[in-house]
Amino acid sequence: MNGDVTLAKDHEKSEASKKSDWKGIVSHILSRYGMLFILIALIILMAILSPTFFTTGNLLNIVRQMSVIGIVAIGVTMVIITTGIDLSSGSVIALVSVIVASFAQPDSSVLLAVAIGLGVGLLTGAINGTIIAKGKIAPFVVTLGMMTAARGAALLFSGGRPIGNLSEPFQFIGQGAILGLPVPIIIFALVGFVSYLQLNKTKFGKYVYAIGGNEQAAIIAGVNVEKYKILIYGYAGLLSSIAGIILTSRIASGQPTAGVMYELDAIAAAVIGGTSLTGGIGTVGGTIIGALIIGVMNNGLDLLNVSSYWQQILKGAIIVTAVLIDARKNRKS
């Protein structure tokens, strides 16, 4: 009799353990791939609601349009992982746009124009990082100042007017295609791949997570935090300049008003993709999925003729929801 009771209890424990294991597996899958499932569900929903959504041309158009935001968002992700923020991305895009356009004229070298544009983005990012690291000033304040200064410099440089007459080879960067694939998508994929390797396979990436996880511990462990903060913000500025070059080429003109609100879209893509605003957590893949979620949502709502005002409200609600989920995860951990 006692033996039967013991067997019954063991069976109950075994069943409870199996349920717990399954619950843990499901929770792990949802935690790791939840945003990917949301992206797939969003694509299915939009395909049902709009017959023109799920076409090769439209899907390529979504990725091409989001490539600019996606590239900026990858840089912003690294900054946020270190518990920082970069509000200057959109203005840096505008500054790079007018400077590159002025050098990308028909009788000028495309390589020189691109090199100067990359240099401008790298320099502005490095200035942000240097002031933040050496001056011990909050990233919000520093990048807010750079946001204003870079926009002002773009307006001053261009006289507040667009700069056109760009050379055809330069326009190929934003409007061309290789083997049927738009060049901006190819650049986006390359940036994502290189950034993934940097963040996951190099000492640079380890230090990015170390600084965001516990900056004091990183200093005690011998990490040159100041140097790496300059490098991280410099890299974010470099990616903003790549985005600026693509955008300028795509619209065939340098615009001092380009990139308005791009920094918020980039931060939104990073947060939706799982990057924690408290630092130490974030992935390149997650950010790319976050950018695609925003792109699919914008495109689908446009096809459904939903007002842009409602689109902004919906985007805001998604960002707040993502932050709430992040806060809940942090409390549990």
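**Ground rules.** I number residues from 1 along each chain as its sequence is written, and side-chain values use heavy atoms, with hydrogens and water left out. As the model is predicted, local features need pLDDT of at least 70 and side-chain atom pairs count only at pLDDT 80 or more, while totals for chains, interfaces and linings use all residues.

**Helices.** I took helices as DSSP runs (H or I, at least four residues), numbered from the N terminus. For the expected span I used 1.5 Å times one less than the number of residues. Helix α3, residues 89–103, has 15 residues and reaches 21 Å from its first C-alpha to its last, close to the 21 Å expected. I then looked up burial (buried is under 20% relative accessible area, exposed over 50%, partly exposed in between, with a 1.4 Å probe and protein chains only). In α3, 13 of the 15 residues are buried.

Helix α10 covers residues 225–251, and its end C-alpha atoms are 39 Å apart, which agrees with the 39 Å its 27 residues should span. I found 20 of these 27 residues buried, so α10 is largely enclosed by the rest of the structure. Just after α10, Ala 252 takes a positive phi of about 60°.

**Core.** I used sets of buried Ala, Val, Leu, Ile, Met, Phe, Trp, Tyr and Cys residues joined through side-chain atoms within 4.5 Å. The largest nonpolar core has 79 residues, and those touching the most other members are Ile 71, Phe 170, Leu 239, Ile 245, Ile 267 and Val 296. Helix α2 (residues 56–81) gives the largest share of this core, 13 residues.

I listed contacts (heavy atoms within 4.5 Å) for Phe 170. Not counting residues up to four places away in sequence, Phe 170 touches Val 100, Ala 104, Val 110, Val 114, Ile 245, Thr 248 and Ser 249.

**Positive phi.** Most residues other than glycine have a negative phi. I noted Thr 83, not a glycine, with a positive phi of about 70°. Thr 83 is in the loop between α2 and α3 and counts as partly exposed at 40% relative accessibility. Lys 136 also has a positive phi, near 55°. Lys 136 lies in the loop between α4 (110–135) and α5 (139–158) and is exposed, at 62% relative accessible area.

**Asn 298.** I placed Asn 298 in helix α12, residues 284–303. Asn 298 is buried, with a relative accessible area of 19%. Leaving aside neighbours within four places in sequence, Asn 298 is in contact with Gln 311 and Lys 315.

Technical notes
Helices (H or I, at least four residues) and strands (E, at least two) are DSSP runs, numbered from the N terminus.
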